[in-house]
Amino acid sequence: MKKFFTTLGVLSIMLIIIAITSNIKSNMKNSIVYNCDYHALNLFRTEIDVKDEKGKNYSNIKGNYVKMGSDPLVMTSTSGESIGTAGDEYHLISQDSHSIITDSQSIEMVGKVKIFGEEYSLYDTEGNEIGKAVFNFWGTNGKITDEKGNVIAEYNSGWLRKDYTITISKDSRINNDAIILIFASYASDFHYDE
């Protein structure tokens with residue numbers, strides 16, 4: 001009987017943590033929100049459906065049919081036209097690096113070594129650092145900051161969930177599609193590493 005109550009207590013605590021972390025919302029003002037449905041049952045391929053804040057389909061992001069160390073992504077519009085790509089360069093110790101390419105912007109997302117959580121530096125085509133992307137250890141929260149340290153985008157997900165929400169400042173100099181691909185690349189890395 002004691003074992004039953006211990007198990008029940010642990011399950012209750014886990015459910016409370018899941019409920020609390022699933023309801024985290026960004027405080028960012030003057031922003032746009034995208035809801036991302038990460039296909040959890042697709043174990044061998046990254047697939048993410050992106051919806052705008054009105055719930056309308058915005059885009060779809062897909063990786064290779066089988067993830068083998070690297071997982072390049074392709075983002076397409078609802079009509080099937082390519083919007084952008086995210087290359088994937090595997091690193092053994094640091095996080096993978098990604099080349100984010102959209103119609104209007106190219107960004108190098110370079111993985112860094114971080115003990116608790118994950119971090120990437122963002123560079124423009126001339127090699128100038130234009131920001132950082134930093135994520136917590138549990139994969140539930142991340143922020144992209146510009147070169148001055150201002151938060152321009154946030155990533156929020158629940159504990160033990162793959163779906164996530166993106167909030168992007170309307171003042172960001174990095175375009176929305178590039179930010180969506182940055183977060184999709186991170187989500188793909190994080191779930192592959194699990």
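The following questions and answers walk through a predicted model of one protein chain.

Reader: How many helices and how many strands does the protein chain have, and in which order do the elements run?
Author: The protein chain has two helices and twelve strands. Read from the N terminus on, the order of these elements is α-β-β-β-β-β-β-β-β-β-β-β-β-α.

Reader: What percentage of the residues of the protein chain count as buried?
Author: A residue is called buried when its relative accessible area is under 20%. The protein chain has 194 residues, and the share of them that counts as buried is 43%.

Reader: Which residues form the covered face of strand β6?
Author: Strand β6 covers residues 98–102, and its residues are divided between two faces. Ser99 and Ile101 belong to the uncovered face, while the covered face is made of His98, Ile100 and Thr102.

Reader: In β6, which residue is the bridge partner of Gly84?
Author: Strand β5, which spans residues 82–86, pairs with β6 in the antiparallel sense, and three bridges connect the two. Within this part of the chain, the partner that Gly84 finds in β6 is Thr102.

Reader: In β7, which residue is the bridge partner of Ser99?
Author: Strand β7, residues 106–112, pairs with β6 in the antiparallel sense over four bridges, and a hairpin of three residues joins β6 to β7. Ser99 lies on the uncovered face of β6, and its bridge partner in β7 is Glu108.

Reader: Why does the salt bridge of Glu119 and Lys132 tie together parts that are apart in sequence, and how many residues apart are they?
Author: The search of the whole structure finds three salt bridges, and in one of them the side chains of Glu119 and Lys132 meet at 4.0 Å, N to O. Because Glu119 lies in strand β8 (residues 118–123) and Lys132 in strand β9 (residues 129–135), the pair ties together parts whose separation in sequence is 13 residues.

Reader: Is Glu119 buried or exposed?
Author: The cut-off that matters here is that buried means under 20% relative accessible area. Lys132, at 30%, counts as partly exposed, whereas Glu119 has a relative accessible area of 18%, so Glu119 is buried.

Reader: How far apart are the closest N and O atoms of Glu129 and Lys132?
Author: Glu129 counts as partly exposed, with 35% relative accessibility. Glu129 forms a salt bridge with Lys132, and the distance between their closest N and O atoms is 2.9 Å.

Reader: How many residues apart are Arg173 and Glu147, whose side chains meet in a salt bridge?
Author: The side chains of Arg173 and Glu147 meet at 2.9 Å, N to O. Arg173 sits in the loop between β12 (164–169) and α2 (176–193), and Glu147 sits in the loop between β10 (141–146) and β11 (151–157), so that this pair links distant parts of the chain, the separation being 26 residues.

Reader: Which residues do salt bridges that share partners join into one network?
Author: Arg173 is exposed, with a relative accessible area of 65%, and Glu147 is partly exposed, with 39%. The network built from salt bridges that share partners joins Glu119, Glu129 and Lys132.

Terms used: Residues are numbered from 1 along each chain as its sequence is written. This is a predicted model: local features need pLDDT of at least 70, side-chain atom pairs count only at pLDDT 80 or more; totals for chains, interfaces and linings use all residues. Side-chain values use heavy atoms; hydrogens and water are left out. Buried means under 20% relative accessible area, exposed over 50%, partly exposed in between (1.4 Å probe, protein chains only). Two strands pair if DSSP finds at least two bridges between them.
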